[in-house]
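Student: I would like to learn how to read a protein model feature by feature. Could we take the general idea each time, and then the case at hand?

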Amino acid sequence: MSTQQALWLPGIGQEFVVGIKEIDAPGSGELRVRIISSGLNPLDWKIQERGFIFVKSYPAVIGEEAAGIVEAVGEGVTDFKEGDRVFFQAKLESKFSTFQQYCIVIAGSAAKIPDNISFDQAASVQVALIPFVVALYAQRPEGLAYLAPWLEGGNGKYAGQPILIMGGTSTVGQYAIQLARLSGFSPIITTASSHNTKLLSSLGATHVLSRKLSTTSLKDAIANITSTPIMLAFDAVSLPDTQQTAHDIVATGGMIITVTTPRVENKHEDKVVQQVFGFFHLPPNRELGKSFMPVLTQWLADGIIKPNAVEVVPGGLNGVSSGLQRLKDNLVSGKKLVVHPWQTA
């Protein structure tokens, strides 16, 4: 039996431990990938601390996304071959998760990495980008059924319709801005620290407002930008205060999309607050994901979508705990943390 190093979570609320794990063989429709770079996400520390519905048993290997090299191809796979550079969102089961040196990948959820994108950059993309894709372009009830910008007639379709994106500097927010730009939303208004204005404007934000503004001041600033009612807000950080602010700004009949559990205390009955589950692995979203993967590869190759800035946390799998603590403590802004599993001592 061939083995590898993996980062085990013994149980909810326990510390991670590096240990040995079997290297799995790909089944039908699957790939085995040698992981070069694995992305760290807030859900990872939340799983460690609180558990998660999709993690069924412990000890478990977790980790949501990575980039690497195809080592083996399962029966029926025709779109990938050994040696392909790929990136993917992981299914949350131990053999699929990414805090290890090898993992199994469902071929339909993988995308090829274009030559101009590094493994580290590729490992920053899918988990942060997919929530906006599902929220807007998936069919109801998973999404809002907007016409996707990669489909005929979808590019620029929503010109003149404003959108508010809370937390534009977050990894999720940066991709939301870019996708909103491709869909034609205008103006694209986002909240962020003022020193990030240049970055967010380059991605497509038309107006960057200080995240420190009160709700009243933010309302006034938006009223000076557009007289068109804000009917759609996407909260990329979804803290209780940002959710409440987005809710208070959206017009009657409008929609607020959150990436965590809705926590709006003073909710207007004529406004909808809906959480998006940003997973292409959910059955209703699989075809959307499969159709989008080659588009995403091309967009990255053409510079239409720009990946997040990345920081490599040293120590391989041993660096995961410190990186997740930084995410939990809100010490990471405007970039994605990744680890290199093969640097594990």
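**A charged pair and its surroundings**

Tutor: Let us begin with a pair of side chains in this predicted model: arginine 32 and glutamate 71 form a salt bridge, with 3.9 Å from N to O. The general idea is that side chains of opposite charge can pair when their charged atoms come close.

Student: How many salt bridges does the structure hold?

Tutor: The structure holds 9 salt bridges.

Student: What else does arginine 32 touch, leaving aside residues up to four places away in sequence?

Tutor: Its contacts include Ile23, Asp24 and Ala25, and also Ile69, Val70, Glu71, Tyr102 and Cys103. With aspartate 24 there is a polar approach as well, for the backbone oxygen of aspartate 24 lies 3.3 Å from a polar atom of the arginine 32 side chain.

Student: How should I read the backbone, apart from the side chains?

Tutor: Most residues other than glycine have a negative phi, and most peptide bonds are trans. With that in mind, look at the bond between tyrosine 58 and proline 59, which is cis, with omega about 0 degrees; proline 59 sits in the loop that runs between helix H1 (42–50) and strand S4 (60–61).

Student: Where does proline 141 lie, and what kind of peptide bond joins arginine 140 to proline 141?

Tutor: Proline 141 is in the loop between helix H3 (126–137) and strand S9 (163–166), and the bond from arginine 140 to proline 141 is cis, with omega about 10 degrees.

Student: Which phi does serine 238 have, positive or negative?

Tutor: Serine 238 has a positive phi, about 55 degrees, although serine 238 is not a glycine. Its place is the loop between strand S12 (232–235) and helix H7 (240–249).

Student: How is the chain divided into domains?

Tutor: Domain 1 is made of 3–124 together with 307–343, while domain 2 covers 128–275, and the centres of the two domains, taken over C-alpha atoms, are separated by 28 Å. To their contact, domain 1 gives 9 residues and domain 2 gives 8 residues.

Student: What area do domain 1 and domain 2 bury between them, and which three residues of domain 1 supply more of its share than any other three?

Tutor: The two domains bury about 660 Å² between them, with 43% of that area on carbon and sulfur atoms. On the side of domain 1, the three residues are Gln89, Asn308 and Gly334, which supply 52% of the area that domain 1 buries against domain 2. By class, this side has 1 nonpolar, 5 polar and 3 charged residues.

Student: How many salt bridges and how many polar contacts join domain 1 and domain 2?

Tutor: Across this interface there are 0 salt bridges, whereas 4 residue pairs are in polar contact.

Terms used
Residues are numbered from 1 along each chain as its sequence is written. This is a predicted model: local features need pLDDT of at least 70, side-chain atom pairs count only at pLDDT 80 or more; totals for chains, interfaces and linings use all residues. Side-chain values use heavy atoms; hydrogens and water are left out. Domain bounds come from an automatic or database domain assignment. Contact means heavy atoms within 4.5 Å. Buried area is the accessible area (1.4 Å probe) that two parts lose on being put together, summed over both. A salt bridge is a side-chain nitrogen of Lys or Arg within 4 Å of a carboxyl oxygen of Asp or Glu. A polar contact is a pair of N or O atoms within 3.5 Å; within protein, one must be able to donate a hydrogen and the other to accept it, and residues adjacent in sequence count only if both atoms are side-chain atoms. Ala, Val, Leu, Ile, Met, Phe, Trp, Tyr, Cys and Pro count as nonpolar, Asp, Glu, Lys and Arg as charged, and the others, Gly among them, as polar. Helices (H or I, at least four residues) and strands (E, at least two) are DSSP runs, numbered from the N terminus.
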